Amino acid sequence: MRLLSSYIAIVFFTLSATAQAQSANPLEGNARAIYAGGVLFRAQCATCHGADAKGISTIDAPDLTLMWSQRQLSVQDVFNTIREGIPGSIMPPHDFTDTETWMLVGYLQSVAVAGVSELPEGDAANGRRLFARHCAECHRVAGEGGSLGPNLTGVTSRRSLESLRTSVRQPSALIQRGYKPITVVTSDNETVQGVLKSEDAFSLQLMDQNQRLRAFMKSNLRRMERSERSLMPAFPPSLISEQELLDILNYLDGQ
Amino acid sequence: MMDKQQHSLTRRAVTPLVASFLALLLGSSQLTAQPDAGPTYDDILAGFEDPERWLTYSGDYSGQRHSPLTQITPENVDQLRPIWTFQTGTTTRGRGFETTPLVDDGVLYVTGSNNYAWAIDARTGRAFWSYRRNLPDDLTYGASAPVNRGFGMLGNRLFMVTLDAHLMAFDRRNGDVLWERELADYQVGYAATLAPLVLDNKIIVGISGGEYRTRGFIDAFDPQSGERIWRFNTIPGPGEPGSETWPDDPEVLAAGGGGTWMNGSYDPDLNLIYWGVGNPNPDYYGEARPGDNLYSNSLLALDADTGERVWHYQFTPHDLNDWDSNHMPVLAEIEWEGEPRRVVMVGNRNGFFYVLDRVTGELLLGKPFTATTWAREIGDDGRPIVLNDGSQGCLPDPWGSTNFMPPTFYPGLDLFILTARETCATYVPEEPANTPGQSNFGGAVHIDAEQGSGALRALDVHTGELEWEFTYPSPTFGGVMSTASGLVFAGDHEGNFMAFDARNGENLWHYQTGSRIWGAAAMTFMLDGRQLVLIPSGTTLTAFALPE
């Protein structure tokens, strides 16, 4: 506690004119402010947003590491949301001082998912052709493509090069909610494979491999099998070389 | 059943006759319009005797939430259908529409989130009046849990607690505010969310805010004057009994938590109130509060006249996981080892099902009803034998193995039926800032969402053994009600309102309400010869009945 107070004291004296609207966080990149913001975050925000700020989906608390890349947000917007809360939601207003609030914003900036930084060069035109051949049947970019897999528009600003490479080479390593594979066999002996969109005690809702939304009553199913193996085929370097992968990412980076 | 119904109709028919007679006698025409004086304490005490009434949170003082109604049966429940839906127009993101409506003379009295309230025609779902409290914009605990669990009712008065920690009395006929009293300073962290318990000339309420630097209490108020009659502090003062389970530090005691935010039950013969107490503060960080931290995470038996503690039992000594013991204590007379016994039963957030002698507080049974690895048995000293403090793999999450969503007791079958949650959480304690007005959890929790599931479970109250279960895809927060026709009604996190065969747990009917059923349980009553079943869900209250 004493440690935190001294951090607050130090950063406080380095601040000037904090009450006015800011286009930049006066504490951005300040290591001590980020540390103190993290302590404050874990004490005041983590119950809903998780200790790692990645949110808790079961209570509708959003992943704050993605907010910068998914929406056009200024640091002032985030500052105001912390201060004022979100009326009509569980997110309450807070009476943190300006300094404390900027420390929180600084911490959130520090954990924000940055996306691909310094993407190696590639041929975006070739990437576009490769994307159309290998990916577009299931993935949408800039309004074109399929819907069985996640929309990849802007994906390079949300995920790192390494995690994108893993998703192409080993798609089963991480399967997002909404894309978990499931196979059902109906009472008419129809076998349907798809990705699970929703489920309750009595029914399940999926998108089949033809990208048709279908729902089934569990009581009408002969069999229901969940799999950890993604419907997306793996693309080893023999199918998409490292350079071709960079070409695709350069194409996506421009979308 | 019919006898009682006729009896009640007769009683109502007589009242205007007496009034007319008095009017003739006194030569006054005003008395012929004498309004119904509303339910009395004796009416509440009679519980389910009048099938057209539901006058207190659980339907009667026992907390069993077991209605004697039998029109809807396991054979016809698949015909059950919605007859109206009431839209509250107020949302509760992150929590639920947690209320239990009260009903008298065909009128429902309903509280909503954000301290809305209504009187609603039970036949049509149309409102007679609505009320909305003008809440301050700097709520503390009340901002993070803007919920309410219902009215208390006595005569023509309704009682409701508020998110800014007040108790209010209303005129039930028009929603006019008669008086309001501050329970505690909301800016410190207090709030109130429960349904007041109405006794003979007393309103009993508790307080929320154990995540802040607060000190819990249970209060009794005079329903007429609004004056406070007594207060029991759940965290003892220096030198008081129980203070030996805390460090010798008045500041720690004065902010030790121990909220009392869920309703209690009442035994009129013993004149005892049974009430659960919440977590000590800080929730996860225990270094500054060595000891058992009484009366946190305990069940209290208090003398209703004086508020004095008669006995207590602590379920989770020195809690580090926010496993509040704010559950509906369920009172029943059961045979125990060949003898009739007055017991109180609790399905606890720590994963254990407990049966206690409610006269003495003696522990009769403590058995886990989930796969919790925290503890698997209670020692001879009545304390859990802790096997995993969190260092041996994940523990049930802070929402617990069950929570305040009401369970039901089915007499005869002797089943305690509750919503169970199987979860996996890792707790990371951290020394908190101890700032009044700011939440003070003392750390954070990682919840592994992939490992969660839920179930409706029926336990044999004599052994705690699982008799049957119905599983849900995710950890669930819906409450449970049973009816004497052999039915169990429950809600789940996916929004289904469901009916089950009480004997074996077979699902007989379900209806998708469109929003998760969270913290609420069903209630039921007769109206114009038809049995209605009501469930709150999301922003709606829906009434169900069999086709006419």
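This is a predicted model: local features need pLDDT of at least 70, side-chain atom pairs count only at pLDDT 80 or more; totals for chains, interfaces and linings use all residues.

Mentor: Start with a backbone angle at a helix end.

Trainee: Which residues of helix α5 in chain A are buried?

Mentor: Count the neighbours of each residue; 20 or more other C-beta atoms within 10 Å make it buried. In α5(A), which covers residues 75-84, the buried residues include V75(A), V78(A), F79(A) and I82(A). Seen down the axis of α5(A), the buried residues fall within an arc of 105°, so they line one face of the helix.

Trainee: What do the buried residues of α5(A) pack against?

Mentor: They pack against α6 of chain A, residues 98-111.

Trainee: How does the span of α6(A) compare with the expected one?

Mentor: Compare the distance between the end C-alpha atoms with 1.5 Å a residue. The 14 residues of α6(A) reach 20 Å from the first C-alpha to the last, close to the 20 Å expected.

Trainee: How many residues of α6(A) are buried?

Mentor: The count is 10 of the 14, so α6(A) is largely enclosed by the rest of the structure. Among the buried residues are W102(A), M103(A), L104(A), V105(A) and Y107(A), and also E100(A).

Trainee: Which residues touch the most other members of the largest nonpolar core?

Mentor: A core is traced through buried nonpolar residues whose C-beta atoms lie within 7 Å. The largest one has 134 residues, and F159(B), L302(B), V344(B), M345(B), F416(B) and I417(B) touch the most other members. Take L302(B): beyond residues up to four places away in sequence, its contacts include I218(B), F232(B), L272(B), I273(B) and W275(B), as well as V310(B). A second, separate core of 36 residues includes V78(A), I82(A) and L104(A) together with F441(B).

Trainee: How many residues does each chain give to the contact between A and B?

Mentor: The size of an interface is often given as the accessible area lost when the parts come together. Here we have residue counts: 24 residues from chain A and 30 residues from chain B. On the side of chain A that touches chain B, the elements giving two or more residues are α2 (31-44) and α3 (46-49). The largest share, three residues, comes from α2(A). By type, that side of chain A divides into 11 nonpolar, eight polar and five charged residues.

Trainee: Is H510(B) buried or exposed?

Mentor: H510(B) is buried, because 22 other C-beta atoms lie within 10 Å and the cut-off is 20 or more. Its place is in strand β34 of chain B, residues 507-512. Leaving out residues up to four places away in sequence, H510(B) touches N496(B), F497(B) and M498(B), and also F202(A).

Trainee: What is the mean pLDDT of chain A?

Mentor: The mean is 86, and 91% of the residues of chain A reach 70 or more. Over residues 1-20 of chain A the pLDDT is below 50, and beyond near neighbours in sequence this stretch has 25 contacts in the model.

Trainee: And chain A as a whole?

Mentor: Chain A comes to nine helices and seven strands. Of its 255 residues, 31% count as buried. Along the principal axes, the C-alpha atoms of chain A fill a box of roughly 70 × 50 × 30 Å. Among contacts in chain A between residues at least 6 apart in sequence, 62% join residues at least 24 apart.

Methods:
Residues are numbered from 1 along each chain as its sequence is written. Chains are lettered from A and ligands numbered from 1 in the order in which they are written. Helices (H or I, at least four residues) and strands (E, at least two) are DSSP runs, numbered from the N terminus. A residue is buried if 20 or more other C-beta atoms lie within 10 Å of its own, exposed if 12 or fewer, and partly exposed in between; C-beta atoms are placed from the backbone. Two residues are in contact if their C-beta atoms, placed from the backbone, lie within 7 Å. Ala, Val, Leu, Ile, Met, Phe, Trp, Tyr, Cys and Pro count as nonpolar, Asp, Glu, Lys and Arg as charged, and the others, Gly among them, as polar. The arc is that of the directions from the helix axis to the C-beta atoms. The expected span of a helix is 1.5 Å times one less than its number of residues. pLDDT is the predictor's confidence in each residue, from 0 to 100.
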